[in-house]
Structure formats: structure tokens, C-alpha cells
Amino acid sequence: MGIQKITLLNLGRFDRNILEKISSAVHLEFLLKVEVIENHSDLTVFFDSGRKQYNGNSLLKMLEANFGNDESKTMALVTVDLFIPILTYIFGQAYLGGRTGITSSHRLSNERYGLEKDEKLFTLRIIKEVNHELGHCFGLIHCHQPGCVMQSSTYVEDIDQKETGFCSSCAEKLKTGINP
Ligand SMILES: [Zn+2]
Ligand SMILES: [Zn+2]
């Protein structure tokens, strides 16, 4: 028994419409069943009052403890701004080869950068970030192939340079990650 499915844990009250788009895009890349679980846990325990952001490491630990299981890779979707001690902010985080990950939409909207709202672009950015973090969950490291979703992203512009999918080399490694 390998990984049977991908679970999207809706911790950010994302609406049906966007969840469906994310689910089908994820299914397309990983060819696994995608399930959405609603969870409205209070995240204030992860809030760092000094940084006015949420602690990604602590949140990931909680996710692993409460939602980690061997049948599924679980990706939490949040709207809060995440940080880890060494970085100003992060778009997401996952353990390499781990069972859980997080994606934050906080810095993915155009409005955040004073630009006109673009729902399609916003959704596309979330999909890329979710696929990227799930890639880490399946054991993929950062890739230098232009366009590959496993390229690391520091700025939202970096995300826009990538495709939603994996380069042929990462796709090959992904198969091994899904069916070890
Ligand atoms: Zn990464
Ligand atoms: Zn790649």
C-alpha cells in the first residue's frame, strides 16, 4: 500500500469554486484521488505577536501530529502570513518526503502588491504552490529547470515564471515517490 490520495485541508475557508479548481489541477499532476476536508481550527496559537505572522514550523508540527497518516499526503491551505525564523516570510512549507505540508495564499493575490484583482492568476499561484509543496512531500528537492514547478520561489514573480507542472526529470522522480 503506497499513497492512496491527497487530502486538501481547508483551514482558510476557501470557497468551493477555488477548491474544485485546486483539486482538479492537483489530480492532473499526481493522478491520485484528491479529497477536501473542512477544518476551521483556530490558528491564533501559532501567531507570533512580535513578528505579526504565523509560525510555519509550529503549524507544520501540529499538522503532522494531528493529520499525518501513511495513506495520504495532507496539504493544509491557509490564508495567514507564515514565517520561519530564518526567513521574512514563506509561501509554503513541507517536510521532504513528509506526510504534511502547508500553502499560504496570503502573499499570492495581486491586491497585496497594489495591483488589480485577478482571480485566475491568484488561483494559478495557489495551484503552483500546492503542487510545489506536495512535490517536496513526495521527496522532490528544488529544481533548476526553467518552468519546472519545483524551482524555488522567493517572490511572487518567481511563481509566475513557473508552470503548474513538473519537468520530465522531476516527473520521473515523482513516479518513484508515489509508488516506491
Ligand atoms: Zn520548495
Ligand atoms: Zn524539475
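Colleague: What makes a local feature count here, and how are residues, chains and ligands labelled?

Modeller: This is a predicted model, in which local features need pLDDT of at least 70, side-chain atom pairs count only at pLDDT 80 or more, and totals for chains, interfaces and linings use all residues. Residues are numbered from 1 along each chain as its sequence is written, while chains are lettered from A and ligands numbered from 1 in the order in which they are written.

Colleague: What makes strand 1 and strand 2 a pair?

Modeller: Strands here are DSSP runs of E with at least two residues, helices are runs of H or I with at least four, and both are numbered from the N terminus. Two strands pair if DSSP finds at least two bridges between them. Strand 1 (residues 5-10) and strand 2 are joined by six bridges and run parallel. One example is Ile6, whose bridge partner in strand 2 is Val34.

Colleague: Which order do the strands of the five-stranded sheet take?

Modeller: The order is 2-1-5-9-8, in an open sheet with mixed pairing. Strand 2 (33-38) and strand 8 (92-94) each have a single partner strand, so one side of each is left without a neighbour in the sheet. From one strand to the next, the twist averages 20°.

Colleague: How many bridges tie strand 5 to strand 1, and how many to strand 9?

Modeller: Strand 1 and strand 5 share six bridges, in the parallel sense. There, Leu9 has Ala76 as its bridge partner. Strand 5 and strand 9 share five bridges, also parallel. Leu77 stands opposite Thr103 in strand 9.

Colleague: Why are Arg13 and Leu31 called exposed?

Modeller: Arg13 has 11 other C-beta atoms within 10 Å, so it is exposed. Leu31 has 10 C-beta neighbours inside 10 Å, so it counts as exposed too. Arg13 sits in the loop between strand 1 and helix 1. Leu31 lies in the loop between helix 1 and strand 2.

Colleague: What is phi at Arg13 and at Leu31?

Modeller: Most residues other than glycine have a negative phi. Arg13 has a positive phi of about 50°. Phi of Leu31 is near 55°, also positive.

Colleague: Why are helix 1 and helix 3 called oblique?

Modeller: Axes are lines fitted to C-alpha atoms, for helices over the stretch in contact, and angles run from 0 to 180 degrees between N-to-C directions. Under 35 degrees is roughly parallel, over 145 roughly antiparallel, 65 to 115 roughly perpendicular, and the rest oblique. Helix 1 and helix 3 pack at about 45°, with axes 10 Å apart. Helix 1 and helix 3 are therefore oblique.

Colleague: Which residues of helix 1 and helix 3 meet?

Modeller: Contact means C-beta atoms, placed from the backbone, within 7 Å. In helix 1, the residues include Ile18, Ile22, Val26 and Phe30; in helix 3, they include Thr123, Ile127, Val130 and Leu134. Leaving aside neighbours within four places in sequence, Leu134 is in contact with Ile6, Val26, Phe30, Lys73, Met75 and Gly101. Helix 3 (residues 119-137) also lies across strand 1, strand 5 (72-78), strand 8 and strand 9 (100-104), at about 160° to strand 9.

Colleague: What makes a nonpolar core, and which residues touch the most other members of the largest one?

Modeller: A core is a set of buried Ala, Val, Leu, Ile, Met, Phe, Trp, Tyr and Cys residues joined through C-beta atoms within 7 Å. The largest has 39 residues, of which Val26, Met75, Ala76, Leu77 and Leu134 touch the most other members. Helix 3 gives the most to this core, with five residues.

Colleague: What makes strand 3 and strand 4 a pair?

Modeller: Two bridges join strand 3 to strand 4 (residues 53-55), and the two run antiparallel. Phe47 has Tyr54 as its bridge partner in strand 4. These strands belong to an open sheet of four, in the order 3-4-6-7. Strand 3 (47-48) and strand 7 (87-90) are its edge strands.

Conventions: Contact = placed C-beta atoms within 7 Å. Buried ≥ 20, exposed ≤ 12 C-beta atoms within 10 Å, placed from the backbone.
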